[in-house]
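This report describes the fold and the packing of one protein chain. Please consult the sequence and the coordinates alongside the text.

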Amino acid sequence: LNTNTIENTIIFASDAQIDDVMRILQEKVIMAHRFTQEQGTTPEAKYCGLSERQYLINMFKEGTYKALVAIKCLDEGIDIPSANTAIIMASSTNPREYIQRVGRVIRQAKNKDRAYIYDFIIEPDFARLKDPDLIEFEKHIFEKELIRVKDMSTNSINNADVLIAINEKIRRIYDGTK
């Protein structure tokens with residue numbers, strides 16, 4: 001992902017990440033706006049008779065904003081077919097949530113032949129963990145993350161690469177290696 005070409009991008013972040021993401025985008029001079037539950041849904045004159053949310057979506061569709069940084073509220077019910085890139089920095093193992101997020105960028109649109117999805121997962125450092133219960137807990141969470149990635153990659157162009165990487169991670173978990 002080249003920061004010089006970021007456009008039509010939705011970044012899904014957590015509450016703890018959003019300020020840092022916005023700061024980084026600002027430092028890179030990428031026009032972006034946060035899209036949270038704080039943005040209103042009632043039409044207002046200052047937004048040309050639109051709600052603040054619809055106004056932001058229109059600014060995104062027109063290209064004024066190259067990215068929207070969202071916390072959950074872009075998960076469903078919002079149609080932005082021009083969005084072609086999703087950066088998922090925060091997700092849950094709830095299939096409905098990640099399917100909705102992917103759905104924001106896989107919609108067909110004029111001059112759009114593919115979507116790019118960057119889904120970040122954190123691999124625990126099992127070697128640093130001493131408590132066997134904590135290790136099992138972390139393994140369980142990590143396995144769910146890998147299942148999510150596997151599900152999302154089912155129809156992807158790089159499906160084989162993703163499956164190889166996932167199988168390697170699972171093998172390492174059960175072999176006790178890093």
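## Overall architecture

The model is predicted. Its protein chain contains 5 helices and 5 strands, which follow one another along the sequence in the pattern β-α-β-α-β-β-α-β-α-α. Taken along the principal axes, the box filled by the C-alpha atoms is roughly 60 × 35 × 30 Å.

Of the 178 residues in the chain, 35% are buried. The chain exposes about 11000 Å², and carbon and sulfur atoms supply 51% of this area.

The 5 strands form an open sheet in the order β2-β3-β1-β4-β5, and their pairing is parallel. The edges are held by β2 (32–35) and β5 (116–119); each has a single partner strand, so one side of each is left without a neighbour in the sheet. On average, and with direction ignored, neighbouring strands are turned by 15° against each other.

Ile11 belongs to strand β1. This residue counts as buried because its relative accessibility is 4%, below the 20% cut-off. Beyond residues up to four places away in sequence, Ile11 touches Val21, Leu25, Ala67, Leu68, Val69, Ala70, Ile87 and Met89. The C-alpha atoms of Ile11 and Ile71 are separated by 8.7 Å, although the two residues are 60 places apart along the chain.

In soluble globular proteins, nonpolar side chains tend to be buried together. Here the largest nonpolar core has 16 residues, and those with the most contacts inside it are Ile10, Phe12, Phe35, Phe60, Ile80 and Ala83. Two or more residues each come from β1, α2 (52–62), β3 and β4; the largest share, 4 residues, is that of α2. Another core lies apart from this one and has 13 residues, including Val21, Met22, Ile30 and Ala67.

Ala83, one of the residues with the most contacts inside the largest core, is in contact with Asn8, Ile10, Phe60, Arg104, Val105 and Lys112 when neighbours within four places in sequence are left aside.

## Burial of helix α3

Helix α3 spans residues 95–103, and its buried residues are Glu97, Tyr98, Arg101, Val102 and Gly103. The elements that cover these buried residues include the strands β1 (9–12), β4 (85–88) and β5, together with α4 (132–153).

## An aromatic pair

How many aromatic pairs does the model contain? The count comes to 1. Its members are Tyr47 and Tyr55, whose ring centres are 5.2 Å apart and whose planes stand at 45°, so the pair is tilted. Planes under 30 degrees apart would count as stacked, and those over 60 as edge-to-face.

Are the two tyrosines buried or exposed? Tyr47 counts as buried, with a relative accessibility of 14%. Tyr55 has a relative accessible area of 25% and is therefore partly exposed.

Methods: Residues numbered from 1 in each chain as written. Predicted model: local features only at pLDDT ≥ 70, side-chain atom pairs only at ≥ 80, totals over all residues. Heavy atoms only, no water. Pairing = 2+ DSSP bridges. Axes fitted to C-alpha atoms, helices over the stretch in contact; angles between N-to-C directions. Buried < 20%, exposed > 50% of the residue type's maximum accessible area, 1.4 Å probe, protein only. Contact = heavy atoms within 4.5 Å. Phe/Tyr/Trp six-rings, centres within 6.5 Å; stacked < 30°, edge-to-face > 60°. Core = buried A, V, L, I, M, F, W, Y, C linked by side-chain atoms within 4.5 Å. Areas by Shrake-Rupley, 256 points an atom, 1.4 Å probe, with all protein chains shown as cover.
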